[in-house]
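Subject: Model handover

Hi,

Here is the model for you to look over. My notes on what turned up follow below.

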Amino acid sequence: MKPVLEVAGLCCRLGSRTVLRNIGFSLGEGQAVALVGANGAGKSTLLWAILGLLPSDGEVRIFGRPRSRDGLARLGVVFQNPEDQLFMPSLEQDLTLPLLNRGEAPGPAREKALEALEAVGLAGYAGTPAQRLSLGQRKRAAIASVLVSSPSLLILDEPTAELDPRSVRQLTALLNRLPVARLIASHHLEFLQATTTRALLLSEGAIAADGPSGSVLGDEGLLAGAGLI
Amino acid sequence: MILRRLAPVLLFAAVLFLMQWFSGRGLTALPFLTVAVFLAVVLLGRWIPWQSLGARVRPGSRLFSLVLFLHITRHFVSILGQETTRVLQARALCLRRRWGPGAFRSLAWALAGILGRSLVRAERFYAAQLLRGLGE
């Protein structure tokens with residue numbers, strides 16, 4: 001299995017506080033990995049450090065090469081708050097904007113946008129602004145906004161935050177249909193059990209366990225030790 | 001509606017005017033400019049055809065940066081408005097007295113909180129757009 005993301009010896013300090021300590025893992029093509037940890041364990045910080053949005057020490061390789069603009073362009077990052085991603089007056093404009101900005105012609109860009117909206121179950125909402133959708137729909141629209149660029153790795157930060165059970169089920173079904181590698185940061189254990197095959201347990205800025213989702217997320221002692229239950 | 005929105009801006013301008021008056025260093029046009037700019041932005045915001053604006057202007061054209069700037073500003077003003085409403089509603093629910101030293105102190109903390117939250121939201125928004133390739 002070709003690695004799409006490799007992290008080695010990653011450390012991050014915010015002021016005088018060490019928030020990530022010697023993080024190392026790799027993620028292969030098509031793999032779905034959970035990044036699980038209690039609030040403040042360092043999940044989001046780790047994602048930001050991987051993406052180069054926070055200064056850190058250590059090595060991050062994306063698709064076998066050191067992190068670069070080209071490598072990052074092949075990632076799809078879904079932030080916790082969809083409003084951080086969607087701001088145009090219609091979903092279609094939100095989805096086509098990065099494609100047009102990269103020089104794609106309007107016709108194919110529009111087709112890709114409509115396909116992505118259909119893939120997330122929002123086919124009839126191309127002309128609707130994101131602000132008029134429910135939170136569950138906005139989350140799916142945010143996923144569509146990254147799917148439109150055909151990413152090889154999807155990174156999701158707390159995708160189920162503030163979602164009702166029905167929206168969580170819809171999101172689970174959507175993610176399981178996607179053929180791309182996924183790294184999902186969350187503390188929603190049931191959701192992670194249903195959407196990932198491997199889990200990294202983060203505790204106090206270090207990886208406390210790395211194994212199949214079923215065994216890591218089902219180990220009550222491990223989860224209690226990490227402050228999750 | 002516009003008068004209701006104008007009230008805090010008028011209050012801000014009035015406080016600014018009084019601060020200048022009492023400092024004795026002479027008055028500037030800043031309070032009046034504040035109100036004028038607010039009114040201009042509100043009227044412009046209503047006049048601009050937002051829906052068709054984005055569709056008409058293509059990346060690479062001269063107007064693209066301006067249109068993107070307007071869309072981002074509009075979006076962020078809306079985020080700022082939501083954050084401010086939430087914080088002030090939360091403060092109003094916790095407050096026992098509307099006026100007095102405690103009330104003013106809590107208002108100061110609430111406003112400082114809005115600034116902090118706005119910076120966090122701005123940072124996340126910037127990061128998200130950068131990763132979507134819009135910073136290129």
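**Contacts between the chains**

In this predicted model, 20 residues of chain A are in contact with 19 residues of chain B. Helix 5 of chain B provides the largest share, five residues. By type, the side of chain B that touches chain A has ten nonpolar, five polar and four charged residues.

**Chain A: the sheet**

Chain A holds an open sheet of four strands. Their order is 2-1-4-5, and the pairing is antiparallel. Strand 2 (17-28) and strand 5 (65-66) of chain A form the edges, each pairing on one side only. Strand 5 of chain A is joined to strand 4 (residues 57-62) of chain A by two bridges, in the antiparallel sense. There, R61(A) stands opposite P66(A) of strand 5.

**Chain A: helix 1**

Helix 1 of chain A lies across strand 1 (3-14), strand 2 and strand 4 of chain A. Its angle to strand 2 of chain A is about 65°. Helix 1 (residues 43-50) of chain A is mostly covered, with seven of its eight residues buried. Those buried are K43(A), T45(A), L46(A), L47(A), W48(A), A49(A) and I50(A). After helix 1 of chain A comes G52(A), with a positive phi near 80°.

**Chain B: domains**

Chain B splits into domain 1 (1-47) and domain 2 (49-136). Taken over C-alpha atoms, the centres of domain 1 and domain 2 of chain B are 20 Å apart.

Best wishes

Note on methods. Residues numbered from 1 in each chain as written. Chains lettered and ligands numbered in written order. Predicted model: local features only at pLDDT ≥ 70, side-chain atom pairs only at ≥ 80, totals over all residues. Contact = placed C-beta atoms within 7 Å. Nonpolar A, V, L, I, M, F, W, Y, C, P; charged D, E, K, R; others polar. Buried ≥ 20, exposed ≤ 12 C-beta atoms within 10 Å, placed from the backbone. Domains from an automatic or database assignment. Pairing = 2+ DSSP bridges. Axes fitted to C-alpha atoms, helices over the stretch in contact; angles between N-to-C directions.
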